[in-house]
Amino acid sequence: MMNNELLGTLALVRPGLENDPAERQGKIGIITYVDTLKEQVYLSFEGGQEGRYQADELLRLKERDKLFPDLMKNASSLDLHDFKTLFKISNLQDMGRGQDHWQALEIARDNPTVWEGSLVSLGDSVSHKQSQALGR
(Lines give C-alpha, C1' and ligand atoms only; values in the text may rest on other atoms or scores of the structure.)
Protein backbone atom coordinates (compact mmCIF):
# COMPACT_ATOMS: atom_id res chain seq x y z
CA MET A 1 0.00 0.00 0.00
CA MET A 2 1.41 3.36 -1.01
CA ASN A 3 0.97 6.52 1.02
CA ASN A 4 0.99 9.38 -1.46
CA GLU A 5 0.82 12.05 1.22
CA LEU A 6 4.34 11.29 2.45
CA LEU A 7 5.98 11.00 -0.97
CA GLY A 8 8.52 13.76 -1.47
CA THR A 9 8.70 14.49 2.25
CA LEU A 10 12.15 15.01 3.73
CA ALA A 11 13.15 12.52 6.40
CA LEU A 12 16.17 12.22 8.67
CA VAL A 13 17.71 8.84 9.44
CA ARG A 14 18.00 8.73 13.21
CA PRO A 15 21.49 9.79 14.22
CA GLY A 16 23.18 6.92 16.02
CA LEU A 17 21.00 4.26 14.40
CA GLU A 18 22.92 1.07 15.13
CA ASN A 19 21.75 -1.25 12.37
CA ASP A 20 21.81 0.82 9.18
CA PRO A 21 22.78 -1.23 6.11
CA ALA A 22 22.79 1.93 3.97
CA GLU A 23 25.10 3.66 6.50
CA ARG A 24 23.18 6.93 6.27
CA GLN A 25 22.76 7.73 9.99
CA GLY A 26 22.07 11.42 10.44
CA LYS A 27 21.54 11.96 6.70
CA ILE A 28 18.52 13.57 5.07
CA GLY A 29 16.65 11.83 2.28
CA ILE A 30 13.47 12.18 0.29
CA ILE A 31 10.68 9.64 0.73
CA THR A 32 10.11 7.79 -2.53
CA TYR A 33 7.84 4.94 -1.39
CA VAL A 34 5.94 3.96 1.74
CA ASP A 35 4.76 0.42 2.48
CA THR A 36 2.31 1.08 5.30
CA LEU A 37 1.56 -2.60 5.90
CA LYS A 38 5.22 -3.33 6.70
CA GLU A 39 5.81 0.22 7.98
CA GLN A 40 8.82 0.47 5.68
CA VAL A 41 9.94 3.67 4.03
CA TYR A 42 12.21 4.03 1.02
CA LEU A 43 14.47 7.06 0.90
CA SER A 44 16.55 8.55 -1.88
CA PHE A 45 19.70 10.40 -0.83
CA GLU A 46 21.99 12.88 -2.53
CA GLY A 47 24.30 11.14 -4.96
CA GLY A 48 21.65 8.63 -6.00
CA GLN A 49 21.95 6.34 -2.98
CA GLU A 50 18.83 4.69 -1.66
CA GLY A 51 17.87 3.07 1.60
CA ARG A 52 14.97 1.17 3.15
CA TYR A 53 14.05 1.81 6.77
CA GLN A 54 11.45 0.96 9.32
CA ALA A 55 9.30 4.05 9.78
CA ASP A 56 10.33 4.47 13.42
CA GLU A 57 13.99 4.74 12.37
CA LEU A 58 13.23 8.02 10.61
CA LEU A 59 12.40 11.52 11.82
CA ARG A 60 10.74 14.45 10.12
CA LEU A 61 9.95 18.01 11.07
CA LYS A 62 6.82 18.66 13.07
CA GLU A 63 4.00 20.07 11.00
CA ARG A 64 4.37 23.82 10.77
CA ASP A 65 0.90 24.41 12.22
CA LYS A 66 2.04 22.59 15.40
CA LEU A 67 5.67 23.64 15.72
CA PHE A 68 5.08 27.38 16.12
CA PRO A 69 2.15 27.17 18.56
CA ASP A 70 4.10 24.65 20.66
CA LEU A 71 7.09 26.99 20.57
CA MET A 72 5.03 29.95 21.80
CA LYS A 73 3.36 27.85 24.50
CA ASN A 74 6.71 26.63 25.84
CA ALA A 75 8.72 29.82 25.24
CA SER A 76 9.16 30.71 28.91
CA SER A 77 10.63 27.31 29.77
CA LEU A 78 13.10 27.15 26.87
CA ASP A 79 16.73 28.11 26.86
CA LEU A 80 17.22 31.27 24.74
CA HIS A 81 19.45 29.46 22.23
CA ASP A 82 16.90 26.66 21.83
CA PHE A 83 14.08 29.18 21.41
CA LYS A 84 16.01 31.00 18.68
CA THR A 85 16.83 27.72 16.95
CA LEU A 86 13.21 26.56 16.98
CA PHE A 87 12.06 29.99 15.81
CA LYS A 88 14.49 29.81 12.88
CA ILE A 89 13.23 26.32 11.98
CA SER A 90 9.66 27.61 12.09
CA ASN A 91 10.50 30.59 9.87
CA LEU A 92 12.21 28.34 7.32
CA GLN A 93 9.16 26.10 7.24
CA ASP A 94 6.95 29.13 6.64
CA MET A 95 9.00 30.08 3.57
CA GLY A 96 7.79 26.84 2.03
CA ARG A 97 10.59 26.19 -0.45
CA GLY A 98 12.23 22.77 -0.59
CA GLN A 99 15.66 24.19 0.14
CA ASP A 100 14.28 25.96 3.22
CA HIS A 101 12.74 22.74 4.53
CA TRP A 102 16.05 20.97 3.94
CA GLN A 103 17.92 23.69 5.85
CA ALA A 104 15.36 23.55 8.69
CA LEU A 105 15.84 19.79 9.00
CA GLU A 106 19.63 20.22 9.00
CA ILE A 107 19.38 22.80 11.78
CA ALA A 108 17.15 20.49 13.81
CA ARG A 109 19.51 17.54 13.22
CA ASP A 110 22.53 19.54 14.34
CA ASN A 111 20.90 20.73 17.59
CA PRO A 112 19.90 17.72 19.72
CA THR A 113 18.49 19.97 22.44
CA VAL A 114 15.62 20.97 20.10
CA TRP A 115 14.79 17.48 18.78
CA GLU A 116 11.79 17.14 21.08
CA GLY A 117 10.36 20.47 19.94
CA SER A 118 11.07 20.11 16.23
CA LEU A 119 11.13 16.45 15.19
CA VAL A 120 8.62 13.60 15.21
CA SER A 121 9.02 9.94 14.40
CA LEU A 122 7.84 8.96 10.95
CA GLY A 123 6.49 5.80 12.56
CA ASP A 124 3.72 7.87 14.11
CA SER A 125 2.71 9.23 10.70
CA VAL A 126 2.82 5.87 8.93
CA SER A 127 0.90 3.94 11.58
CA HIS A 128 -1.62 6.81 11.86
CA LYS A 129 -2.18 6.77 8.09
CA GLN A 130 -2.52 2.98 8.16
CA SER A 131 -5.20 3.09 10.84
CA GLN A 132 -7.08 5.76 8.86
CA ALA A 133 -6.95 3.60 5.72
CA LEU A 134 -8.13 0.50 7.57
CA GLY A 135 -10.95 2.41 9.24
CA ARG A 136 -12.54 3.42 5.93
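Asp-100 counts as buried because its relative accessibility is 3% (buried means under 20% relative accessible area, exposed over 50%, partly exposed in between, with a 1.4 Å probe and protein chains only). The model is predicted, so local features need pLDDT of at least 70 and side-chain atom pairs count only at pLDDT 80 or more, while totals for chains, interfaces and linings use all residues. Residues are numbered from 1 along each chain as its sequence is written, and side-chain values use heavy atoms, without hydrogens and water.

The side chain of Asp-100 forms a salt bridge with that of Arg-97. A salt bridge is a side-chain nitrogen of Lys or Arg within 4 Å of a carboxyl oxygen of Asp or Glu. The whole structure holds five salt bridges, including these:

| Salt bridge | N to O distance |
|---|---|
| Arg-97 and Asp-100 | 2.6 Å |
| Glu-63 and Arg-60 | 2.8 Å |
| Asp-70 and Lys-62 | 3.1 Å |

Arg-97 is partly exposed at 45%. Glu-63 is partly exposed at 38%, whereas Arg-60 is buried at 12%. Asp-70 is partly exposed at 23%, and Lys-62 is buried at 16%.

Helix H1 covers residues 64-73 and helix H2 residues 80-95 (helices are DSSP runs of H or I, at least four residues, numbered from the N terminus). Their axes are 10 Å apart, at an angle of about 150 degrees (axes are lines fitted to C-alpha atoms over the stretch in contact, and angles run from 0 to 180 degrees between N-to-C directions). H1 and H2 are therefore roughly antiparallel, a term for angles over 145 degrees.

Note on methods: Helix = DSSP H or I, 4+ residues; strand = E, 2+ residues; numbered from the N terminus. Parallel < 35°, antiparallel > 145°, perpendicular 65-115°, else oblique.
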